[in-house]
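Subject: Structure handover

Hello,

Here is the structure for you to look through. My notes on it follow below.

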Amino acid sequence: MLLREASFPGLEHIYYFFQLIQTPFILKNLKIAIQKSGRLNEKSVQLLKNCGLDFENYKSSLITTVSNFNLEILFLRDDDIPGYVEQGIADLGIVGENVIDETQSNVTYLQRLGFGKCTLKLGIPKDSPIERLEDLNGKSIATSYPNILTEFLKEYKIDAQIRTISGSVEIAPGLGLSDAICDIVSTGGTLKSNGLKPFIDVRSSEAILIGRQNLQENPVLCELLQRIQSVLRAKETKYLVLNVERKNLAEITELLHGVKSPTIVPLADEGWVAVHTVISEDDFWDKINTLKSAGAQGIVVMPVEKIIL
Ligand code: PRT
Ligand code: ZN
């Protein structure tokens, strides 16, 4: 099923309303809402494709059906995703934690997805006299995240005025609209190019798979979750092949103690073996350097597509 882009605002909402009232009677597929376009779109689509789901990803479509799995994909603005999931219009959603918190939606966290990482930070002008959090008392802060910021200020008992603006928050201090800002930062480039500097972290965020309440028992969800977890595990893991002189094998095997049991394959040269194993990506270069120091040679590193436990 493919619904073309609405030619006037609101058509998709009418469509989803009819979906909602029909859902219990007609539609059996699970529905997952992902961002239509923006920073989370590509990685969300890629994750679902890596799970073996086959679907068309037309830029103009608002909904598409997965041909080989009981799932439909809704393409929405990220701000709408938690609400659609909370109301049960979508069963699942992929969205940043910052949006879930800001919309204060009652949804279940099913899986952290490891992409879309960023931090909601307070930022101040480079030459600001503000030095400590308490210096924000009596000051104004521009943000698109008034709910998260309200909670944060309450927690630290700071009495500052929140100026809610929907975009381009970084220009607010320069325009004299606020003394500070609270916005998403990833590289920090936007802060810098607007004459601001990071001040204090409010919360970190990454993309999360969320679900509506009472979904845990669904077998389609269990299968999807299993596939997602196997893709995520694989992403954190590398397949290694290394050549080792037999006299160094015990030490190398010891270094790979985190692995259940590496595969040892004899080489044509009788004094050498090839060790096949998987390692996690944490401290990857440290591990490789340690293996090299212990005598490993000709190290080949390969990506792992899926790990099914
Ligand atoms: O159109 P729609 O409403 O769906 O999308 P959007 O424009 O509201 O959101 P989008 O696509 O910009 O971001 C989607 C999600 O990606 C956010 O909710 C976060 O969870 C996550 N994310 C990760 C980011 C960033 N990194 C990010 N850098 N969201 C926004 N930014 C912006 C930030 O607002 C600021 O303007 O990028 C700028 C700062 O980036 P740096 O790299 O200069 O620090
Ligand atoms: Zn948005």
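Before the notes on strands, one term: two strands count as paired if DSSP finds at least two bridges between them. Please also keep in mind that this is a predicted model.

Strand 4

In the antiparallel sense, strand 4 pairs with strand 11 (residues 207-211) over 5 bridges. One place to look is isoleucine 94, whose bridge partner in strand 11 is leucine 209. Strand 4 is also joined to strand 1 (residues 30-35); these two run parallel, with 2 bridges. There, isoleucine 32 has leucine 92 of strand 4 as its bridge partner.

Is strand 4 enclosed or open? Of its 5 residues, 5 are buried, so strand 4 is largely enclosed by the rest of the structure. Leu92, Ile94 and Gly96 point one way from the strand, while Gly93 and Val95 point the other way, and all of them are buried.

The zinc ion

Which residues coordinate the zinc ion (ligand 2)? They are Asp78 and Asp79, each through OD atoms, at 2.0 to 2.1 Å. The site has 4 donor atoms, and the angles among them go from 76 to 171°, which makes the site irregular. For four donors to count as tetrahedral, all angles would have to lie between 85 and 135 degrees. The cut-off for buried is under 20%.

Cysteines

How many disulfides are there? The count is 0. Two cysteines can be described by their cover: cysteine 118 is buried at 15% relative accessibility, and cysteine 182 is buried at 0%.

The chain as a whole

The protein chain has 309 residues, and buried residues make up 45% of them. Its secondary structure consists of 9 helices and 15 strands. Among contacts with a separation of 6 or more, 70% are between residues 24 or more positions apart. The accessible surface is about 16,700 Å², and carbon and sulfur atoms account for 51% of that.

If you want a place to begin, open strand 4 and follow its bridges to strand 1 and to strand 11. After that, go to Asp78 and Asp79 at the zinc ion (ligand 2).

Regards

Key. Residues numbered from 1 in each chain as written. Chains lettered and ligands numbered in written order. Predicted model: local features only at pLDDT ≥ 70, side-chain atom pairs only at ≥ 80, totals over all residues. Heavy atoms only, no water. Helix = DSSP H or I, 4+ residues; strand = E, 2+ residues; numbered from the N terminus. Buried < 20%, exposed > 50% of the residue type's maximum accessible area, 1.4 Å probe, protein only. Contact = heavy atoms within 4.5 Å. Areas by Shrake-Rupley, 256 points an atom, 1.4 Å probe, with all protein chains shown as cover. Donors = N, O, S within 2.8 Å, 3.2 Å for Na, K, Ca; no water. Tetrahedral: all angles 85-135°; square planar, octahedral: opposite > 155°, others 65-115°. Disulfide = S-S within 2.5 Å.
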